[in-house]
Amino acid sequence: MTDYIPYVQLNTGAQMPLLGLGTFRLQGPEETYRTVDAALTAGYRAFDIAAVYRNEADIGRALSTLLPKHGLSRADVFITSKLSPKDQGSKARDGCLRSLEQLGLDYIDLFLIHWPGTQGLDVKDKRNPDSRAQSWATLEQFYAEGKFRAIGVSNYTVKHMQELLKSCSVVPAVLQVEFHPRLAQRELRALCKKSGVCFQAYSSLGTGILLSDPQVRKMAESYGKTPAQVLLRWAVQQNIPVLPKSCQPDRVQENGHLFDFELSDIDMAKLSEMDCSEKFCWDPSLVL
Ligand SMILES: NC(=O)c1ccc[n+]([C@@H]2O[C@H](COP(=O)([O-])OP(=O)(O)OC[C@H]3O[C@@H](n4cnc5c(N)ncnc54)[C@H](OP(=O)(O)O)[C@@H]3O)[C@@H](O)[C@H]2O)c1
């Protein structure tokens with residue numbers, strides 16, 4: 001069992017764990033079941049899922065067996081899923097209903113628009129803003145009906161966020177974007193803070209690449225921790241929720257041990273100084 005996992009409070013009043021399991025590239029029902037089992041054993045209570053990952057049904061099935069096995073109920077876990085770019089706009093309602101059905105759930109704790117663009121439209125297509133506005137209106141309806149307990153967005157830039165904040169009826173609860181020491185996202189974080197939006201990190205390990213960074217490795221050694229733990233601790237120590245992905249039970253457990261040590265102010269600053277705007281994932285800045 002891992003250390004106690006703290007929560008952040010969303011603008012809906014809901015509590016979201018600071019640590020969740022990333023599930024992108026979990027392969028097939030057996031690996032998914034094994035990994036979700038390992039995560040629940042290690043104390044994880046949040047799962048980051050997406051229609052695009054094609055894993056909603058596998059995770060839904062795994063949870064329906066594993067929650068009782070771990071003595072847990074639906075209310076003990078925090079489930080996030082995301083609207084596929086192919087369902088953006090007029091297809092959003094179908095996409096939302098499909099996620100609920102695939103997961104086999106009556107409600108989803110947090111539902112995000114995955115990407116500011118629409119599949120099939122060029123990034124520069126002037127219909128992109130209207131399409132995502134229509135998706136947001138649909139998410140607001142599901143939120144009003146209680147089918148989504150919180151709604152938010154992912155991969156939105158400052159421009160996309162400003163546009164949404166100006167037009168929305170429900171302020172997004174979460175913005176999920178790439179965040180690690182080489183991509184500090186200062187402007188987006190300041191905007192989120194000002195607007196009451198929880199800033200959530202993905203790819204905190206730089207998709208694995210930052211685990212071999214010499215400075216991170218040296219720092220990890222000095223704390224008797226692993227590079228993954230140092231990278232994740234740097235985020236959670238700033239109260240930024242993380243979603244490390246691993247399909248290996250020992251790593252799932254390792255990534256959960258973040259709350260029994262603290263990085264010094266000097267080391268926090270050293271990691272923050274690594275910022276060089278380097279992205280390891282997709283870049284949404286071109287989407288109109
Ligand atoms: N909203 C979005 O557009 C978006 C985009 C990207 C990611 N995400 C979410 O964020 C999650 C995490 O991001 P990510 O999957 O891109 O990358 P990540 O968590 O930064 O890194 C995952 C990689 O690191 C390896 N790894 C994990 N823990 C490790 C450890 N302790 N020691 C050594 N290697 C380790 C994993 O390999 P093994 O599995 O073999 O251990 C995997 O190759 C995703 O799964 C997804 O849920 C969201």
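Is Y53 buried, exposed or partly exposed, going by its C-beta neighbours inside 10 Å? In this predicted model, Y53 has 19 such neighbours and therefore counts as partly exposed. A residue needs 20 or more to be called buried.

You will find Y53 in the loop between β4 (46-48) and α2 (56-69). Leaving aside residues up to four places away in sequence, Y53 touches T23 and F24.

From that loop, let us move on to the helices. Two packed helices are described by the angle between their axes and the distance between the axes.

| Helix pair | Angle between axes | Axis distance |
|---|---|---|
| α2 and α3 | roughly 40 degrees | within 7 Å |
| α3 and α4 | about 45 degrees | 9 Å |

With its angle of about 45 degrees to α4, α3 is oblique to that helix. α3 (residues 92-103) passes α4 (residues 128-144) in a right-handed crossing. On the α3 side, A92, R93 and C96 take part, and they meet Q134, S135, T138 and F142 of α4. Sorted by class, this contact has 3 nonpolar, 3 polar and 1 charged residues.

The axes of α2 and α3 cross at roughly 40 degrees, so these two helices are oblique to each other as well. Here α2 contributes E56, A57, I59 and G60, while α3 brings S99, Q102 and L103. The contact of α2 with α3 comprises 3 nonpolar, 3 polar and 1 charged residues.

Key:
Residues numbered from 1 in each chain as written. Predicted model: local features only at pLDDT ≥ 70, side-chain atom pairs only at ≥ 80, totals over all residues. Axes fitted to C-alpha atoms, helices over the stretch in contact; angles between N-to-C directions. Helix = DSSP H or I, 4+ residues; strand = E, 2+ residues; numbered from the N terminus. Parallel < 35°, antiparallel > 145°, perpendicular 65-115°, else oblique. Left-handed = near helix turned anticlockwise from the far one by under 90°. Contact = placed C-beta atoms within 7 Å. Nonpolar A, V, L, I, M, F, W, Y, C, P; charged D, E, K, R; others polar. Buried ≥ 20, exposed ≤ 12 C-beta atoms within 10 Å, placed from the backbone.
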